[in-house]
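Hi,

Here is the structure I said I would pass on.

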Amino acid sequence: MLILHELTPLPWWLAGTAIGAITLLLLWVTNQRLGISTGFENLCALALRAPYFRRDEITRGRAWRLPFLGGLVLGGLLSAATSGGWRPFWDLGMFDASFGWGPAGKLAWMFVGGLFIGFGTRLAGGCTSGHGIFGISNLERASVESTLAFMAAGILTTNLVYRVWGAS
Amino acid sequence: MGAWVYLIFGTAFGWVLSRSGAADYDFIQRMFLFESFQLYGILGTAVAVTAPGLWLLKRAGRTATGKPLRVTPKPRHPGNVLGGVLFGIGWSITGMCPGPILVNLGEGKLYAVGALAGVLVGAGAFGVLYPRLSGALRLPKLELGTGDG
């Protein structure tokens with residue numbers, strides 16, 4: 001059951017097939033390699049002038065990455081609006097049950113996690129989409145290694161949070 | 001290609017992420033706890049569909065409009081693994097990888113604001129520190145101003 005309106009999720013094979021189809025269509029129709037985290041650099045580039053944010057890959061990608069990121073927000077909004085209505089909320093499932101923190105604590109926790117994601121995906125050169133789906137499908141060694149690393153670190157961290165810290 | 005095309009692709013992708021569990025805190029934790037197969041099934045199926053399709057597209061070598069297909073492999077360097085470890089920690093803490101941060105924001109999950117702020121600060125810090133990190137971690141040289149921006 002999803003946190004969002006307690007919906008039953010799509011079956012995994014259907015969701016996976018849809019993601020694969022979108023990845024292939026994006027490449028075939030627009031000649032773009034699926035990847036989300038690089039788009040955050042385009043957002044950073046709106047405010048920061050460091051050479052890293054002025055490199056060609058970023059200036060070239062802006063025209064497609066920014067509307068794509070906007071679409072992700074819109075997709076979430078439509079999903080909520082068509083399944084019980086859109087409303088802002090703080091529900092965080094297992095985290096609420098184990099830790100019971102209020103909004104300020106959740107924002108701080110998420111901010112810390114976000115720092116790891118922002119710095120980590122830029123250092124790794126990709127995330128679940130660019131490395132995990134596209135890179136592995138293209139048999140790229142950098143992507144296989146990076147995906148193994150982030151899966152292992154995620155497994156370790158969640159087990160520490162819920163089986164050690166949350167259980168004490 | 002017009003911006004609206006990418007907006008539609010992003011919207012479709014975001015909707016699937018929202019309804020599949022990929023943008024759900026509990027499904028991410030239960031994946032990492034080996035309590036749920038859902039996310040492993042999604043990622044596995046996505047690769048099982050993308051890999052043969054990509055092989056065929058590369059063999060054909062053309063996009064839908066007849067342009068030469070462009071697939072640039074990502075550079076390999078020590079940052080792939082080190083950055084992957086940091087990202088994995090963040091994915092576990094927030095229950096969101098980069099796409100789902102934006103999807104959760106759209107769904108109305110207010111805590112996603114914290115994750116987005118953290119990601120932008122983290123990515124910004126990486127960009128600013130790049131000149132100091134790139135030597136030690138053998139990261140690729142920046143390609144600047146070749147004119148086709």
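Arg138(B) lies in the segment after H6 of chain B; helices (H or I, at least four residues) and strands (E, at least two) are DSSP runs, numbered from the N terminus. Before I go on: this is a predicted model, where local features need pLDDT of at least 70 and side-chain atom pairs count only at pLDDT 80 or more, while totals for chains, interfaces and linings use all residues. Residues are numbered from 1 along each chain as its sequence is written, and chains are lettered from A and ligands numbered from 1 in the order in which they are written.

Back to Arg138(B): its phi is near 50 degrees, a positive value in a residue other than glycine. Arg138(B) counts as exposed because it has 12 C-beta neighbours inside 10 Å. The cut-offs, with C-beta atoms placed from the backbone, are 20 or more other C-beta atoms within 10 Å for buried, 12 or fewer for exposed, and partly exposed in between.

Leu139(A) is in the loop between helix H6 (128-137) and helix H7 (141-165) of chain A, and its phi is positive, near 55 degrees, though it is not a glycine. Leu139(A) has 12 C-beta neighbours inside 10 Å, so it counts as exposed.

**Chain A**

Chain A is built from seven helices and zero strands, which gives the pattern α-α-α-α-α-α-α along the sequence. Its C-alpha trace spans about 50 × 35 × 35 Å along the principal axes, and 54% of its 168 residues are buried. As for contacts (C-beta atoms, placed from the backbone, within 7 Å), 50% of those in chain A between residues at least 6 apart in sequence join residues at least 24 apart.

Have a look at helix H2 (residues 38-45) of chain A: seven of its eight residues are buried, so the rest of the structure largely encloses it. Phe40(A), Asn42(A) and Cys44(A) are among those buried residues. The cover over them includes helix H3 (56-81), helix H5 (103-124) and H6 of chain A, together with H5 and H6 of chain B.

**Where the chains meet**

The contact between the chains takes 117 residues from chain A and 103 residues from chain B. On the side of chain B that touches chain A, helices H1 (3-20), H2 (25-32), H3 (38-60), H4 (79-94), H5 (98-107) and H6 (112-136) each supply at least two residues. H6(B) gives the largest share of that side, 17 residues. By type, the side of chain B that touches chain A has 58 nonpolar, 34 polar and 11 charged residues. Here Ala, Val, Leu, Ile, Met, Phe, Trp, Tyr, Cys and Pro count as nonpolar, Asp, Glu, Lys and Arg as charged, and the others, Gly among them, as polar.

- The axes of H6(A) and H3(B) come within 8 Å and cross at roughly 35 degrees, in a right-handed crossing. Phe134(A) and Ile136(A) are among the residues of H6(A) that make the contact, with Leu43(B) and Val47(B) among those of H3(B). This contact has eight nonpolar, three polar and no charged residues.
- The axes of H7(A) and H4(B) come within 7 Å and cross at roughly 35 degrees; this crossing is right-handed. The residues that meet include Phe150(A) and Met151(A) in H7(A) and Phe87(B) and Trp91(B) in H4(B).

Axes are lines fitted to C-alpha atoms, for helices over the stretch in contact, and angles run from 0 to 180 degrees between N-to-C directions. A crossing is right-handed if the near helix is turned clockwise from the far one by less than a right angle, and left-handed if anticlockwise.

Pro73(B), in the loop between H3 and H4 of chain B, touches Asn138(A) and Glu140(A), leaving aside residues up to four places away in sequence. Pro73(B) counts as partly exposed because it has 14 C-beta neighbours inside 10 Å.

A nonpolar core is a set of buried Ala, Val, Leu, Ile, Met, Phe, Trp, Tyr and Cys residues joined through C-beta atoms within 7 Å. The largest has 88 residues, and those with the most contacts inside it include Ile19(A), Phe116(A), Val16(B) and Phe87(B). H5(A) contributes the largest share of this core, 10 residues. Val16(B) touches Ala15(A), Ala18(A) and Ile19(A), not counting residues up to four places away in sequence.

Finally, H1(B) is mostly covered, with 14 of its 18 residues buried. From first C-alpha to last, H1(B) reaches 26 Å, close to the 26 Å expected at 1.5 Å a residue (1.5 Å times one less than the number of residues). Gly21(B) follows H1(B), with a positive phi near 105 degrees.

Cheers

Technical notes. Contact = placed C-beta atoms within 7 Å.
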